[in-house]
Structure formats: C-alpha cells, structure tokens
Amino acid sequence: MTLPAINKSLAIGIQTSRTHGHILVLHSTATPNAPAYNVANFEHRTWRSAETFVHFAVDDKVAYQIGTPGYRAWGAGNVNSYAPVQIELCEFSNKTKALKAYKLWVELAVTMAKQYGVPLTLDDNNRTYGIKTHNWCSRTYGGSDHSDPYGYLASIGITKAQLAKDLKAGHATGTGSASSTVAKARATSASAGKLAVDGDWGASTTKRLQQVYKTPVDGVISGQYPWKNYKGAVTGFQYDTTNPAGSQVIAAIQRSLGLKADGLLGPATIKAMQRAAGTPVDGVISPNSRLVIYIQQQLNAGKRPF
Ligand SMILES: [Zn+2]
C-alpha cells in the first residue's frame, strides 16, 4: 500500500466539535486540474466565510490535510457531524494523473476508515456506519445537493462497482496500469451492442442514457413518484410515494432541456422531452412510446437525445 504523504502546512487545526458516527465521505472536487495544494489553500483561506471545508484533498502526488479528522468538517451538509473523515479527490483531465490520484484517494480512505472504525462498505443502507459518497449523503441526509464523485469517476472509467471492490480490497485493484484500465473502459463501450428500438423504456435504455449523460450506470431510474402517466409502460424505475429524491440521469436530461433539475420524470418533463423529440406532446409515456423510440434511435447513433 502506497499511502500518500500528508502535508499539514495548510491544516486549520481544531475549529469545530467532535464528530459522533462512523461515516467516511468521499468527494471529488469538480474543479478540473486543480491540485490538492490549490484546494487546501482555498479552503484554508475561505472556510469561515464559504462555510466549506473537508479533512483531506488528494491529488496524484500528495494529500493535504485541511480539517482535523475526528472533528466536524463542512463538506456534505447534514451528515457532517457523523463523518470523522471527508476526502476530496482532485479531478484531472489527464487519465494517467487521474488514475494515480484515484489510487491514492482509495488508499487514504481505507487507512482513515480503519483508524475511525468505519467499515469498508460503499453507499449501503446503514445510516451511521460505512464509506459514503457525497451523492449518498445528499440523498440520505440532505442539507446539500451535490452528487459527486460518480460523474467524474465514470469519466475516468471507474464504475461504482469498481470503487466498492477497491475499497473492500484496500487498494485500487483495477488501476495497476492506468492505460490498460482506460483502454478497457473504451473497449467496453465500443463493443456494447445496439438497443432494441421497441419504444419500451427498460434497464438497457436507462443504462445507455446513464452512459451518454455520464451519471452512475446501474440501469435504474431511482427516486420517482409513482406517476400514473408512465407506470406500467416502463421497467427499472424505483418509486417512492413520500419524498422521492429524483434520478441523476433525469436531472441531467432536465438540465440540457433548460428545466428545473429535480430528477423527477413528471408530465412537464415528459412534455419537454416530447417537444424536443418532435413526437406527440401528451406528457405520457405509453407502451411502445414514440418518445422512447426516438431516445433509443439517438442512443444507437451514439448521441445524447436531448
Ligand atoms: Zn462533494
């Protein structure tokens, strides 16, 4: 295990109360090509006014400590008091750097998890124990609406399953050779077969949408109201009658249509999709839907439908 060197020159010391709970939060920065020094320097200067800081930021060479582990950081909303450790992964467009940083991030996370009694699980249902992404924290605890780091990880060829496997193994198993991992990811997407153009929105259509919109790929449209206007016409949707969290891929589609990105596929969103697709505008996804046929054709052509 090659643990990154931890530079404490920008640490802010103990400024908050002790945490209670055993959650380790994983983030990615969303500021491409900014090294850990920049992230730490920024949070060191602005944490009081911006009310944002984490415990560590990791790049391809080094980890900077900002907050003090075991004391509350302000990185992920209402989960903060349960999270003794929160770690940012610096994002890089250079794939070799990106995978080196990923490897160090995983190793620091596992080391810290062991020190703070955090089991090496990823985003499971336990609300107080385990390694959780900011995405999970936003959905489970609220107080923050970020969905990192899955979008970025997908862009460097790391799936949720790979991350779970690497955390469990204690190190980045798939990234021994950075170029081979990226090559493998490319080959997988190139060899993926065409969708059946049947107008039924199932898991394979959802998976392809998730790939082209670069959201986590699991084939599930999660967190939806059980709307009558598409229930029964589609599979792979997860419903929640009380407080549905919305789906990231639906939110991505809403953003590209200029709609409010709440991730809920309601009649207004369906109508906007139908308008964009040039199919009849009724706000309903029927069996053998013309809208879904349009989506499947665009996906087969390798395009984002919206
Ligand atoms: Zn985050």
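A salt bridge here is a side-chain nitrogen of Lys or Arg within 4 Å of a carboxyl oxygen of Asp or Glu. The model is predicted: local features need pLDDT of at least 70, side-chain atom pairs count only at pLDDT 80 or more, and totals for chains, interfaces and linings use all residues. Residues are numbered from 1 along each chain as its sequence is written, and side-chain values use heavy atoms, with hydrogens and water left out.

**View 1. Asp 124 and Lys 132 meet in a salt bridge.**
The N to O distance is 2.9 Å. Lys 132 is buried, at 0% relative accessibility. Asp 124 is partly exposed, at 28%. Buried means under 20% relative accessible area, exposed means over 50%, and partly exposed lies in between (1.4 Å probe, protein chains only). Lys 132 is the bridge partner, in strand 6, of Val 25. Strand 2 and strand 6 pair in the parallel sense, over five bridges. Two strands pair if DSSP finds at least two bridges between them. Four of the five residues of strand 6 (residues 129-133) are buried, so this strand is largely enclosed by the rest of the structure. Helices (H or I, at least four residues) and strands (E, at least two) are DSSP runs, numbered from the N terminus.

**View 2. Lys 103 and Glu 107 form a salt bridge.**
The structure holds three salt bridges. In this one, the closest N and O atoms are 3.8 Å apart. Lys 103 and Glu 107 are four residues apart in helix 2, so about one helical turn separates them. Lys 103 is partly exposed, at 26% relative accessibility. Glu 107 is buried, at 1%.

**View 3. Lys 61 and Asp 60 are joined by a salt bridge.**
Their side chains meet at 3.4 Å, N to O. Lys 61 is exposed, with a relative accessible area of 60%. Asp 60 is buried, with 11%.

**View 4. The largest nonpolar core has 46 residues.**
A nonpolar core is a set of buried Ala, Val, Leu, Ile, Met, Phe, Trp, Tyr and Cys residues joined through side-chain atoms within 4.5 Å. Leu 24, Trp 105, Leu 153 and Leu 163 have the most contacts inside this core. Elements that give two or more residues to the core include strand 2 (22-28), helix 1 (36-50), strand 5 (85-89) and helix 5 (160-169). Helix 2 supplies the largest share, twelve residues. Contact means heavy atoms within 4.5 Å. A second, separate core of 22 residues includes Leu 195, Ala 277, Leu 291 and Ile 295.

**View 5. Helix 7 (residues 203-212) has several buried residues.**
Thr 205, Thr 206, Arg 208, Leu 209, Gln 210 and Val 212 are buried. Their cover includes strand 7 (221-224), helix 8 (248-256) and helix 10 (290-300). Just after helix 7, Lys 214 takes a positive phi of about 55 degrees.

**View 6. Thr 215 sits in the loop between helix 7 and strand 7.**
Thr 215 is buried, at 6% relative accessibility. Leaving out residues up to four places away in sequence, Thr 215 touches Gln 210, Gln 248, Val 249 and Ala 252.
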